[in-house]
Amino acid sequence: MAKRFVIVTGGAGYIGSHTAVTLHEAGFTPVIIDNFSNSKPEVLEGIAKIIGGIPEFHEVDCRSQSVMTDIFQSYAAQGEVIGVIHFAAYKAVGESVKKPLEYFENNIGSTVALLGAMNASGISNLIFSSSCTVYGQPRKIPVNENAPILTAESPYGFTKQACERLIKDACKSNASLSACLLRYFNPIGAHPSALIGELPLGHPSNLIPYLTQAAAGLREPLTVFGNDYPTDDGTCVRDYIHVLDLAAAHVAALQWLEENDASCEAFNLGTGQGKSVSEVIQAFEDANGIVVPYIYGPRRSGDVTAIFADAAKAQRELGWKCERSLEDSLRDAWRWQKKLAE
């Protein structure tokens, strides 16, 4: 049987690595492309242990359209390239406020190059790693896909809006191109084997890796950015989704693109339940029997007050929904943190 390849840009990253594993389990052959700007080579070793073999891998900067085209065409010659899942991007809200030009150049530039390489190679299906940040601060929650795209609260959010626009316009101009824009809420957790998980380089910008490192005594107490928001307990509210549930959504979206003559569709991926930062801290303590040291600090630039998903469209169209609880996610995150300390 000919191999069914799926190109996974940023496949050594947090969500990309879990998706590569899930693709393998679904019978696809993931081809990982990464330049390790926000990941480490050791992640490939973890993937290899889980899937029982060394994954296809190329160390490439996704902004190089010519190199990407060569890779795509080489796999098209070996079998069928089912599609591309585009994760590769800078992703920290706070950092994007400090370094907007770097975010524009990397995130938007890599997407332009990717679309060009797909067009040159005759690859039709694209799944884009988008974000709930495209909604800005929504007027109504839970937010569905018909919500207006408001002014982004951060340069990171703007790059996701811009890339979505690029992909929509590319689909309009090329009848053979179809895309799913997957708008994530907040992925957390790790593979239950503790062989792969979230591996932030330097100072963590996301809540859970900082929380687990603080609980492990590796960092100073967790700073909760703001306790004066107009929420029940004053802390920001988000929709936290297990990374393996998120990975499964990408496989479902890929299969949906194969089966449907779609142009460009957006899907929210979340649990549909908002949890405050304070509630997450309490849930972590309850799930793991560990006390989390934390303090309150000022609000962080770029953060919205509250957002969580209406994911009914993904369940209806993709046949997908979250299977794991917040506590499952936090137990897996802590297991991963303990594995890192070994």
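This is a predicted model: local features need pLDDT of at least 70, side-chain atom pairs count only at pLDDT 80 or more; totals for chains, interfaces and linings use all residues.
## Helices H5 and H6

Helix H5 spans residues 100–121 and helix H6 spans residues 155–173. Their axes come within 9 Å, with a crossing angle of roughly 20 degrees. Because angles under 35 degrees count as roughly parallel, H5 is classed as roughly parallel to H6. The crossing is right-handed.

On the H5 side, the contact is made by Pro100, Tyr103, Phe104, Asn107, Ile108, Thr111, Val112 and Leu115. H6 contributes Pro155, Tyr156, Phe158, Thr159, Ala162, Cys163, Leu166, Ile167 and Ala170. By class, the contact of H5 with H6 has 14 nonpolar and 3 polar residues, and no charged ones.

## The cavity

The structure holds 1 cavity of 30 Å³ or more. The largest cavity has a volume of about 40 Å³. Its lining consists of His86, Phe87, Ala88, Ala89, Asn107, Thr111, Phe128, Lys160 and Cys163. H5 and H6 are the elements that give two or more residues to this lining.

Asn107, Thr111 and Cys163 line the cavity, and these residues also take part in the contact between H5 and H6. By class, the lining of the largest cavity is made up of 5 nonpolar, 3 polar and 1 charged residues.

## Helices H7 and H11

Helix H7 covers residues 207–215, and helix H11 covers residues 326–340. The two axes come within 10 Å and cross at roughly 55 degrees, which makes H7 oblique to H11. H7 passes H11 in a right-handed crossing.

From H7, the residues in contact are Ile208, Pro209, Thr212, Gln213 and Ala215. Their partners on H11 are Leu330, Ala333, Trp334 and Gln337. The residues of this contact divide into 6 nonpolar and 3 polar, with no charged residue.

## The second largest pocket

The second largest pocket contains about 270 Å³ of space. Its lining comprises 14 residues, of which Glu42, Val43, Leu195, Trp336 and Leu340 are the closest to its centre. Helix H2 (42–51) and H11 are the elements that give two or more residues to the lining. The largest share, 5 residues, comes from H2.

By class, the lining of the second largest pocket has 7 nonpolar, 2 polar and 5 charged residues.

Note on methods:
Residues are numbered from 1 along each chain as its sequence is written. Side-chain values use heavy atoms; hydrogens and water are left out. On a 1 Å grid over the protein atoms alone, a cavity is a set of points where a 1.4 Å probe fits but cannot get out, and a pocket is an open set with protein on both sides within 12 Å along at least five of seven lines; lining residues have an atom within 4 Å of a point. Grid points are joined across faces, edges and corners, and a volume is the space filled by probe spheres set on the points. Helices (H or I, at least four residues) and strands (E, at least two) are DSSP runs, numbered from the N terminus. Ala, Val, Leu, Ile, Met, Phe, Trp, Tyr, Cys and Pro count as nonpolar, Asp, Glu, Lys and Arg as charged, and the others, Gly among them, as polar. Axes are lines fitted to C-alpha atoms, for helices over the stretch in contact, and angles run from 0 to 180 degrees between N-to-C directions. Angles under 35 degrees count as roughly parallel, over 145 as roughly antiparallel, 65 to 115 as roughly perpendicular and the rest as oblique. A crossing is left-handed if the near helix is turned anticlockwise from the far one by less than a right angle, and right-handed if clockwise. Contact means heavy atoms within 4.5 Å.
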